[in-house]
Amino acid sequence: MNTVKIVAIMLIVAGVLGLVYDRFSYTKETQEAKLGPLELTVKDTQTVYVPVWVGVGAIVAGGGLLLFAGRKN
């Protein structure tokens with residue numbers, strides 16, 4: 001399999017995952033203060049929402065890449 005087909009499949013999978021799971025969260029740790037041996041850190045959870053059009057666009061782009069990559073060979 002060549003690189004274009006692999007990228008196309010990854011786009012399709014990412015698009016499907018974006019439609020199934022419309023958001024994802026991650027934890028970000030920041031250092032607030034450091035006073036001698038004392039260190040204060042804060043863990044903040046961020047949520048990122050994936051719009052439907054991004055998932056559909058990734059699927060369409062991956063399908064287009066697969067279609068045109070198959071025609072070249």
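Reader: What percentage of the 73 residues of the chain count as buried?
Author: Happy to start there, with a word on the model first. It is predicted, so local features need pLDDT of at least 70 and side-chain atom pairs pLDDT 80 or more, while totals for chains, interfaces and linings use all residues. Residues are numbered from 1 along each chain as its sequence is written, and side-chain values use heavy atoms, leaving out hydrogens and water. With buried meaning under 20% relative accessible area, exposed over 50% and partly exposed in between (1.4 Å probe, protein chains only), the buried share of the 73 residues is 10%.

Reader: In what order do the elements of the chain run from the N terminus?
Author: There are 2 helices and 2 strands in the chain, read as DSSP runs (H or I, at least four residues, for helices; E, at least two, for strands) and numbered from the N terminus. Followed from that end, the order is α-β-β-α.

Reader: How many bridges join strand β1 to strand β2?
Author: Strand β1 covers residues 23–35 and strand β2 covers residues 38–49, and the two run antiparallel. Pairing takes at least two bridges found by DSSP. For β1 and β2, the bridges number 12.

Reader: Which residue in the hairpin of β1 and β2 takes a positive phi?
Author: The hairpin leaves 2 residues between its strands. A phi near 65 degrees belongs to Gly36.

Reader: How far apart in space are Leu35 and Asn2, C-alpha to C-alpha?
Author: Leu35 sits in strand β1 and has a relative accessible area of 62%, so it is exposed. Along the sequence, Leu35 and Asn2 are 33 residues apart. In space, their C-alpha atoms are separated by 54 Å.

Reader: Is Val13 buried, partly exposed or exposed?
Author: Val13 is another residue placed in helix α1. Because its relative accessibility is 45%, Val13 counts as partly exposed.

Reader: What radius of gyration does the chain have?
Author: The C-alpha atoms fill a box of roughly 65 × 25 × 10 Å along the principal axes. A compact globule of 73 residues would come out near 11 Å, by the rule of 2.2 Å times the number of residues to the power 0.38, with the radius taken over C-alpha atoms. For this chain, the radius of gyration is 20 Å.
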